[in-house]
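Reader: I would like to go through the labels used for this model and ask what stands behind each one. Please show me the structure before we start.

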Amino acid sequence: MARVVVDVMLKPEILDPQGQAVQRALPRLGFEGIRDVRQGKRFELEVEGPVDDAALARIHEMAETFLANTVIEDFTVHVEDRAAS
């Protein structure tokens, strides 16, 4: 079984009020030096069987039609290295 990660972020030109709220709060909490914060979503998919080109294409289609609103969000799909987790 493999893990495929879909990261979804607002496009750079889209205002991110949640990210801005976090960025403004950081100095009050003692965390200095952070210039910008963008908030996103991470989906971790446990995939049965091999993660070949066909499986990645299907997950990309899933992300494009269901996990991300492609009008305002970008997404990336990658296989997570299990040794890193």
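Author: What follows is a set of questions on those labels, asked of a predicted model.

Reader: Why are β1 and β2 called paired strands?

Author: Pairing requires at least two bridges between two strands. β1 and β2 have 8 bridges in the antiparallel sense, so they meet the definition of a pair. Within this pairing, V6 stands opposite F43 in β2.

Reader: How do you know that β1 also pairs with β3?

Author: By the same test: β1, residues 2-10, and β3 are joined over 7 bridges, again antiparallel, and the definition asks for at least two, so this is a pair as well. Two positions illustrate it: V5 stands opposite H78 in β3, and V8 stands opposite F75 in β3.

Reader: Why is L67 called buried?

Author: The relative accessible area of L67 is 9%. Buried means under 20%, so L67 falls in that class. L67 is found in helix α2. Not counting residues up to four places away in sequence, L67 touches V6, V8, K41, F43, M62 and E73. F43 is 24 residues from L67 along the chain, with their C-alpha atoms separated by 8.2 Å.

Reader: R3 is an arginine in strand β1. What makes R3 count as buried?

Author: The value is 16% relative accessibility, and the limit is under 20%, so R3 is classed as buried. The side chain of R3 also has a partner, the side chain of E46, at 2.8 Å. That is called a polar contact because the limit for such a pair of N or O atoms is within 3.5 Å.

Reader: Why is R24 called partly exposed and not exposed?

Author: R24, in helix α1 (residues 17-28), has 49% relative accessibility. Exposed means over 50% and buried means under 20%, so R24 takes the class in between. The C-alpha atoms of R24 and V37 are separated by 9.2 Å, at 13 residues apart along the chain.

Reader: How do you know that β1 is mostly covered?

Author: 7 of the 9 residues of β1 are buried.

Reader: Which residues make up the largest nonpolar core, and which elements supply them?

Author: The core has 10 residues: V4, V6, V8, L45, V47, I59, A63, L67, A68 and F75. The elements giving two or more residues are β1, β2 and α2.

Reader: What is V4 in contact with, leaving aside its neighbours within four places in sequence?

Author: V4 is in contact with F43, E44, L45, V47, V51, L56, I59, V77, H78 and V79. Among these, L45, V47 and I59 are also members of the largest nonpolar core.

Notes
Residues are numbered from 1 along each chain as its sequence is written. This is a predicted model: local features need pLDDT of at least 70, side-chain atom pairs count only at pLDDT 80 or more; totals for chains, interfaces and linings use all residues. Side-chain values use heavy atoms; hydrogens and water are left out. Helices (H or I, at least four residues) and strands (E, at least two) are DSSP runs, numbered from the N terminus. Buried means under 20% relative accessible area, exposed over 50%, partly exposed in between (1.4 Å probe, protein chains only). Contact means heavy atoms within 4.5 Å. A nonpolar core is a set of buried Ala, Val, Leu, Ile, Met, Phe, Trp, Tyr and Cys residues joined through side-chain atoms within 4.5 Å. A polar contact is a pair of N or O atoms within 3.5 Å; within protein, one must be able to donate a hydrogen and the other to accept it, and residues adjacent in sequence count only if both atoms are side-chain atoms.
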